[in-house]
Amino acid sequence: MCVIPAMLPLWPVAVNLLQEKPIMDTKCCGIAKNAVKHGKGYLYLCLFMGAEAILLMVLGLFPNSLFRCAIGLGAAFFLAIGFLLLTPRMIAKVAIFFLSVCICSLSNSGAEYYFYTDTPDQYPEGPHFSAWFYLTVRHFVRSICLFIGMWAFNKYLRNCKYKFAYLIGIGTTMCVRFVRLLIFSRINIRFGIPDDIFCLVLDALGAMFGELVMLPNQILMSHLCPKGLESTMFACMAGAFTMGGQVGTFLGAYLLKQLGVEPQGAVGESRQFDNLWIAEMISAVACIPPMLMMLMILPDKTPSERIILEDDSTANLENESEAPSRAISSKAKYARLAGDEEAPGVAQPRAPSTVMRKRSGR
């Protein structure tokens with residue numbers, strides 16, 4: 001049943017609603033060769049990132065959470081060094097910022113699942129959400145609010161600088177996490193606020209404000225992509241996001257273990273959630289370091305302004321096989337505009353009377 005809706009995004013691509021222009025195979029080969037020639041650092045970075053991804057996948061099999069955190073943080077550190085050595089300074093700074101944001105987003109999703117879905121026998125004081133409400137209703141509300149977040153960014157933040165947009169997005173996300181302390185500590189019940197309404201409101205705000213962070217990420221990445229290396233650059237940034245999120249999951253699991261929050265769906269496990277609100281509070285406070293880094297790292301520009309990579313050798317990447325012909329045609333164009341008889345690289349036709357006079361002069 002889900003296959004047909006999942007295939008709907010293929011329709012705009014099939015009918016070319018994006019209005020992409022086809023290019024010749026020879027031009028594609030030329031661009032690819034020059035991308036490999038001038039962007040070797042990005043390719044090496046992708047290979048290194050792939051090796052680290054395999055390492056993190058293997059780490060997930062180890063039960064020792066402290067060991068996973070240590071190796072994960074070490075992998076993130078070496079990835080940051082790789083960006084500094086193999087990419088331009090601005091790209092490296094932004095990638096390290098993305099990596100830090102994801103690492104500081106400590107995940108408590110494992111404990112939250114049991115908190116929301118445990119039965120009355122397992123957690124008598126809990127919300128007791130059904131699987132349909134937890135998986136379907138909440139995700140539907142989040143999807144709707146994602147579009148609201150896109151509209152809000154396009155309406156109010158599209159002309160603001162990156163620093164201000166991130167400040168609004170990360171700051172509001174931190175506030176939402178602080179408000180979630182009320183449901184994890186069960187204070188909302190004391191005020192008579194139902195769990196389902198409170199949870200849906202927090203999900204809606206979290207999705208909307210999270211989109212205010214995600215959209216600047218996408219715009220900033222598009223501005224930083226060197227010409228001819230767009231897909232490779234996007235893969236590097238997406239890899240930084242994924243690795244940071246995985247390390248944040250490791251840190252969140254270690255934090256939950258240290259606080260004694262280890263629910264397993266057993267009967268009478270109410271005490272497993274006593275310190276869940278502390279874990280959520282620490283996760284909210286962890287949003288502060290990225291906000292401080294943002295002031296020092298992000299460019300002081302708006303999403304509509306171009307970011308120039310002065311130290312990037314691929315910033316002016318072009319198909320070298322076509323460069324000479326373009327130079328000749330450009331010179332010929334300006335020569336014709338200037339009224340010269342002989343344009344470089346282009347044969348100029350002569351008037352018949354001029355040809356006859358030269359022949360008679362011989």
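Which residue's charged end sits over the ring of Tyr116? That residue is Arg138, whose charged end is 5.0 Å from the ring centre (the rule asks for NZ of Lys or CZ of Arg within 6 Å of the ring centre and within 35 degrees of the ring normal). Before going further, note that this is a predicted model, where local features need pLDDT of at least 70, side-chain atom pairs count only at pLDDT 80 or more, and totals for chains, interfaces and linings use all residues. Residues are numbered from 1 along each chain as its sequence is written, and side-chain values use heavy atoms, with hydrogens and water left out.

**Around Arg138 and Tyr116**

- Arg138 counts as buried, at 4% relative accessibility (buried is under 20% relative accessible area, exposed is over 50%, and partly exposed is in between, using a 1.4 Å probe and protein chains only).
- Besides sitting over the Tyr116 ring, Arg138 meets the side chain of Asp203 in a salt bridge, 2.5 Å from N to O (the cut-off is a side-chain nitrogen of Lys or Arg within 4 Å of a carboxyl oxygen of Asp or Glu).
- Asp203 belongs to helix α12 (residues 195–224) and Arg138 to helix α8 (residues 131–157), so this pair ties together parts that are 65 residues apart in sequence. Helices here are DSSP runs of H or I with at least four residues, while strands are E runs of at least two, and both are numbered from the N terminus.
- Asp203 is buried too, with a relative accessible area of 10%.

**Aromatic pairs**

- How many aromatic pairs does the ring rule give? The count comes to 17, with rings of Phe, Tyr and Trp (its six-membered ring) pairing if their centres lie within 6.5 Å; planes under 30 degrees apart are stacked, over 60 edge-to-face, and the rest tilted.
- One of them joins Phe77 and Phe78: the ring centres are 5.6 Å apart and the planes at 70 degrees, so the pair is edge-to-face. Both of these residues are exposed.
- Tyr116 and Phe184 make a tilted pair, 6.2 Å centre to centre with 45 degrees between the planes. That pair links distant parts of the chain, with Tyr116 in helix α7 (residues 109–117) and Phe184 in helix α10 (residues 181–184), 68 residues apart.
- Are Tyr116 and Phe184 buried or exposed? Both are buried.
- Tyr116 and Phe184 also belong to one aromatic cluster, whose members include Tyr113, Tyr123, Phe133 and Phe273.

- Side chains of opposite charge can pair when their charged atoms come close. Searching the whole structure turns up seven salt bridges.
- Glu112 is in helix α7 and Arg180 in the loop between α9 (162–179) and α10, so the bridge ties together parts 68 residues apart in sequence.
- Both partners count as buried: Glu112 has a relative accessible area of 10%, and Arg180 has 16%.
- Arg186 and Asp195 form another salt bridge, at 2.8 Å from N to O. Arg186 is buried at 12% relative accessibility, and Asp195 is buried at 10%.
- Shared partners join Glu112, Arg177, Arg180 and Glu280 into one salt-bridge network.

- Tyr44 is found in helix α4 and is partly exposed, with a relative accessible area of 49%.
- Tyr44 and Leu86 are 42 residues apart in sequence, yet their C-alpha atoms are 8.1 Å apart in space.

**Cysteines**

- How many disulfides does a search of the whole structure find? The search finds zero, with a disulfide taken as a pair of cysteine sulfur atoms within 2.5 Å.
- Cys104 is in no disulfide, and the nearest cysteine sulfur, that of Cys287, is 7.8 Å away.
- Cys69 is buried, with a relative accessible area of 4%.
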